[in-house]
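Subject: Structure handover

Dear colleague,

Here is the structure I said I would pass on. My notes on it follow below.

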Amino acid sequence: EPEVTQTPSHQVTQMGQEVILRCVPISNHLYFYWYRQILGQKVEFLVSFYNNEISEKSEIFDDQFSVERPDGSNFTLKIRSTKLEDSAMYFCASSPGTSSYNEQFFGPGTRLTVL
Amino acid sequence: KNEVEQSPQNLTAQEGEFITINCSYSVGISALHWLQQHPGGGIVSLFMLSSGKKKHGRLIATINIQEKHSSLHITASHPRDSAVYICAVSQGGKLIFGQGTELSVKP
């Protein structure tokens with residue numbers, strides 16, 4: 001069964017460094033999402049992406065963040081100049097569409113630790 | 001105020017018990033999702049519904065659009081059902097999540 005994959009599973013970085021989190025969505029899906037979950041808190045929407053552009057972003061997704069689909073398979077989240085409060089689990093998800101009848105399929109997550 | 005509220009936050013049950021987790025939401029939605037999050041962190045979709053009721057094995061999900069309320073039921077609970085169960089609502093494409101219900105089923 002096709003699945004969303006994410007790499008790395010765990011990333012440790014120093015405050016101020018840039019990180020790139022990678023996702024490979026399910027191959028025939030068209031919509032891609034990043035969510036994050038700070039330890040002990042609920043999952044929060046960051047950004048949605050369709051047709052090579054951002055369709056919606058949350059207040060969390062400020063200039064520090066960017067997303068890219070550099071080729072036909074990868075979907076990346078870049079965090080410039082990481083802060084301690086960026087430490088969280090980051091989930092990628094993909095969906096064949098955005099209608100109410102489309103599920104989102106989640107990757108296993110990347111745990112980001114900023115020291 | 002949270003847009004999606006779940007109750008209870010924590011639930012401990014004995015194996016075999018019938019379990020109900022509730023979800024209320026305060027925003028307009030196109031669909032409601034029930035998801036399961038395992039201790040390792042992975043999130044799995046259980047149900048997506050916009051009306052009525054869905055059943056999958058021992059899991060049943062219902063939604064009342066007028067009351068903006070949904071329930072997830074687990075019949076004949078088993079220790080392997082222990083996980084965090086999350087209610088999320090679709091707004092456009094994005095999901096808005098509840099805080100989750102941590103379920104522990106004891107043998």
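Where in chain B is the place of Pro8(B)? Pro8(B) sits in the loop between strand S1 (4-7) and strand S2 (10-14) of that chain. Please keep in mind throughout that this is a predicted model.

Cis peptide bonds

The bond joining Ser7(B) and Pro8(B) is a cis peptide bond, with omega at about -10 degrees. Chain A has a cis peptide bond too, between Thr7(A) and Pro8(A), where omega is about -10 degrees. Pro8(A) is placed in the loop between strand S1 (5-7) and strand S2 (10-13) of chain A.

Thr101(B) and the residues around it

A polar atom of the Thr101(B) side chain lies 2.6 Å from the backbone oxygen of Pro8(B). The side chain of Thr101(B) also has a polar contact of 3.2 Å with the side chain of Gln6(B). Setting aside neighbours within four places in sequence, Thr101(B) is in contact with several residues, among them Ser7(B), Gln9(B), Leu11(B), Ile21(B) and Tyr85(B). Is Thr101(B) buried or exposed? Its relative accessibility is 0%, so Thr101(B) counts as buried, the cut-off being under 20%.

Chain B as a whole

Chain B contains 0 helices and 11 strands. The radius of gyration of chain B is 13 Å, close to the 13 Å given by the globule rule for 107 residues, so the chain is as compact as a globular protein of that length. The C-alpha trace of chain B spans about 40 × 25 × 20 Å along its principal axes. Of the 107 residues in chain B, 46% count as buried. Among contacts in chain B with a separation of 6 or more, 54% are between residues 24 or more positions apart. The accessible surface of chain B is about 4800 Å², and carbon and sulfur atoms account for 50% of that surface. As for charge, chain B carries 9 positive and 7 negative side chains, with the centres of the two sets 8 Å apart.

His38(B)

His38(B) is in the loop between strand S4 (31-37) and strand S5 (43-49) of chain B. Which side chain makes a polar contact with the side chain of His38(B)? That of Gln36(B), at 2.9 Å. Not counting residues up to four places away in sequence, His38(B) touches Val44(B) and Ala83(B). Ala83(B) is also one of the residues in contact with Thr101(B). His38(B) and Asp81(B) are 43 residues apart in sequence, and their C-alpha atoms are 9.5 Å apart in space. The relative accessibility of His38(B) is 34%, so this residue counts as partly exposed.

Ser81(A) belongs to the loop between strand S8 (75-79) and strand S9 (88-95) of chain A. Ala76(B) is in the loop between strand S8 (69-74) and strand S9 (83-91) of chain B. With relative accessible areas of 45% for Ser81(A) and 44% for Ala76(B), each counts as partly exposed.

Regards

Terms used: Residues numbered from 1 in each chain as written. Chains lettered and ligands numbered in written order. Predicted model: local features only at pLDDT ≥ 70, side-chain atom pairs only at ≥ 80, totals over all residues. Heavy atoms only, no water. Helix = DSSP H or I, 4+ residues; strand = E, 2+ residues; numbered from the N terminus. Rg over C-alpha atoms; globule rule 2.2 N^0.38 Å. Buried < 20%, exposed > 50% of the residue type's maximum accessible area, 1.4 Å probe, protein only. Contact = heavy atoms within 4.5 Å. Areas by Shrake-Rupley, 256 points an atom, 1.4 Å probe, with all protein chains shown as cover. Lys, Arg positive; Asp, Glu negative; His and termini not counted. Charge placed at Lys NZ, Arg CZ, Asp CG, Glu CD. Polar contact = N/O pair within 3.5 Å; in protein donor to acceptor, adjacent residues only side chain to side chain.
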